[in-house]
Amino acid sequence: MKLSINQSRKLWWAISAAAIITGIAAMLISWQQIGAPLRPSLDFVGGTRLQLERDCTQPNNCAQPIDITAVREVLAAQGLSNSSIQILGQEQQGISIRTSTLDVEQRTQLQDALSQRIGAFAPQSTQIDTVGPTIGRQLLSSGLLALIVSFGGIIVYISLRFQLDFAVFAITALLHDVFVTAGVFAILGLVWSVEVDSLFIVALLTITGFSVNDTVVIYDRIREILKVNPDRSISEIVDDAVNQTLARSINTTLTTMLALFAIFLFGGETLKNFALALIIGFICGAYSSIFIASTLLSWWRERNGQRLATQSTAVIDSPPEDT
Amino acid sequence: MQRQRSLLALIVVLAIAAIVAIARIPIPLGLDLQGGSQLTIQVQPTAEIPQITDRELEAVQRVIENRINGLGVSEPVVQTVGQDQILVQLPGVSNPEQAERVLGGTAQLEFRTQRPGTEAQLFAEQQVRLGLLAKQQELRATNNTTEIQQNQEAIERSNAAIAQLFESTNPPLTGRNLEDAYGQPTQAPNNWEVGIRFDSPGAELFAQLTRDLAGTGRSIGIFLDNELISAPTVGPQFAQTGITGGSAVITGRFTAQEANDLAIQLRGGALPVPVEIVENRTVGATLGRDSIQRSIYAGIGGLILVLIFMVVYYRVPGIIADLSLCVYALLTWASFALLGVTLTLPGIAGFILSIGMAVDANVLIFERTREELRAGKSLYRSVESGFYRAFSSILDSNVTTWIACAALFWLGAGLVRGFALTLALGIAVSMFTAITCSRTLMFIAISLPSLRKPELYCPNLPTVRRAEVAR
């Protein structure tokens, strides 16, 4: 089987454009509804999240599931009625409450009021996250800065190792992956109130690395074929390069997916959305390397009618004899 | 062949060393895994101190350390972050309310006079306190929380008893009046003293205080947050006027470090900068344990799936890849232990992901080997060029991931850095194992006659070619 990706490249571009436009539309709707393109967690906007679990070693403490209206009443009495509440666990013995930023006095007061009404909580299973608004903005800006810096670094590296147009299209593919992933999370945020936290930015950066990684492997092969057959048409060369690296692209994505699905299924709450973002991003990364970065490159070089002699930074000759 | 043998020996030695390192050096767990409280404290500038410098931050850090030590938590960590923040980690604390109350608020430094007739009592109490503090040091190493707590209460009683022996001046001489404190060497070698300087109301109060105490044998009690940090006496020569001019030195057999430490404490107490807790991340111990268990399942589950996939798809090279993946996992884990990486939940995720990267290097090589085999090359040549030609792809793809990791490491904070570090380390080790371990094992495999069958390396080779290869 041979894949002629350049034949139907308009189709691939259309698919990607549709995915990106859907994502941007979701972000715009989200912007109107909650004032941010993605639903930000307290990492970025500040706030307090309290996760409490009843202490089931005490007699009769866990007889009933936690009643969400009781929790709501307690919060209303504390003047925190616009908080979001979630009941956790199969036995419904845990609660997660997100409020505006509380200081220590307000928080202890809330905790005391809750345990009076609902039952004693186990301190060993408590989780408290409080982030002040300033530090939230700081986390967001340093995360975005990290993204921009790594984009810059990658452009420079690929321009040095390959050529500038390679780098530009690698970054295009990468932005494609980042946008699609963000778009999916915008939709998830609208539909299931999925939030993005600082781990989401980490996921985007990791996607950046892996996506370029996929692209680079194909580019590497294009460069190699170009060097041996500088007179062949660029479309053919790109098609060949993609086909020759296809098994690798699929297998690597597959093995990484195995690891990621393991994290997604067993890795605990904190890592679930992180793994999900990576799964979406890596699948996009494999797709965009094969169908976007390569086809854009051949389109560009065809349009400019260049028979580009490649830089000979990598020596691809026959290997030395090993004894 | 000789080279392969010595490389194999090297790999075996490294693997054994890695096992020893893993067994000997425990990897410290982050607070999200062992449970505990992490507080970020923001030092706020005021009209008097518009800019927080390193000197001020250091002084505030010392004040925070003093207060943390008063909490009786085992192995607390206090470190500065950036320009104006201090990070406090309290392992095992799942109700940080007490810590939050103690840590907020400005430091209270006060110079008090010792009550008459309490000299012997002060000496005795100080001995008791020294004993308790020494005991606390020992206890901290044992992690015995209840005993630490009990001993801490004893220390507090002792502190209170000592504070009873002193009285405030009228009006009180506090840190507000202290302009500066600094360690300086004396004329005698290896002997240091602490210079202090007061503003003019402070100078007057200090002169009065020292005149009262001069030559009596009673001490000035310097209290930071109600805890006695120094009790210097005043020489009889000041009995007439007291120490005037607002400057004084505290002498004693100070080393440079002790003098600086006291000076920093004094400066911290003199600082009118308020501090605020801007971030609190607390994870209960049970939750942490849950996370570890789950991530171990995730890691092992992922690894096993990958190992099975490799053998099924790549056959003999797959087995070799699996072996080198195991070596990879050992070496990476050992490098975490040796470099003192603190393991966090995102860190574990980074490690599991790096397994994916390690597989990628092998996949690149084996796919290349297959291509060469299909192109009709001999088994040896195919393996050789598989490694050789895949290398530039491996290098390029790893460097780009490193760039992303570097950006994360320099600009990220806390948990994010842990992830970047483990992923970057993992990739470095994976390059090493792919080009040494996989390579060596592969050449050893093709040197064994029973394994020298191309179909074990690439299924569905065209028969004509197979005949050629066998020839």
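A salt bridge is taken here as a side-chain nitrogen of Lys or Arg within 4 Å of a carboxyl oxygen of Asp or Glu. In this predicted model, Asp129(A) and Arg281(B) form such a pair, with 3.0 Å between the closest N and O atoms. The pair falls under the cut-off, since the rule asks for a separation within 4 Å. Side chains of opposite charge can pair when their charged atoms come close. Between chain B and chain A the count is 10 salt bridges, while the count over all chains comes to 30.

A further salt bridge links Arg368(B) to Glu224(A), where the closest N and O atoms are 2.6 Å apart. This pair crosses between chains, with Arg368(B) located in helix H11 of chain B and Glu224(A) in helix H7 (residues 198-228) of chain A. Polar contacts were also counted across the interface of chain B and chain A, and the rule finds 20 residue pairs, both members at pLDDT 80 or more.

Several elements of chain B give two or more residues to the side that touches chain A. They are helix H4 (97-103), strand E11 (275-283), helix H9 (285-314), helix H11 (345-374), helix H12 (379-411) and helix H13 (415-447). H12(B) gives the most, with 19 residues. By class, this side of chain B has 35 nonpolar, 17 polar and 16 charged residues.

Strand pairing also joins the two chains. Strand E4 of chain A, residues 127-131, runs antiparallel to E11(B), and 5 bridges join the two strands. Within E11(B), Thr282(B) is the bridge partner of Ile128(A).

In terms of contacts, 68 residues of chain B meet 77 residues of chain A. The size of an interface is often given as the accessible area lost when the parts come together. For chain B and chain A, about 6,200 Å² is buried between them, and 60% of that area lies on carbon and sulfur atoms. On the side of chain B, the residues that lose the most area to chain A are Leu353(B), Asp396(B) and Leu411(B), which together account for 10% of what that side buries.

Chain A itself is divided into two parts: domain 1 (9-39 + 134-303) and domain 2 (47-131). Taken over C-alpha atoms, the centres of domain 1 and domain 2 of chain A are separated by 39 Å.

How values were computed. Residues numbered from 1 in each chain as written. Chains lettered and ligands numbered in written order. Predicted model: local features only at pLDDT ≥ 70, side-chain atom pairs only at ≥ 80, totals over all residues. Heavy atoms only, no water. Contact = heavy atoms within 4.5 Å. Buried area = accessible area lost by both parts, 1.4 Å probe. Polar contact = N/O pair within 3.5 Å; in protein donor to acceptor, adjacent residues only side chain to side chain. Helix = DSSP H or I, 4+ residues; strand = E, 2+ residues; numbered from the N terminus. Nonpolar A, V, L, I, M, F, W, Y, C, P; charged D, E, K, R; others polar. Pairing = 2+ DSSP bridges. Domains from an automatic or database assignment.
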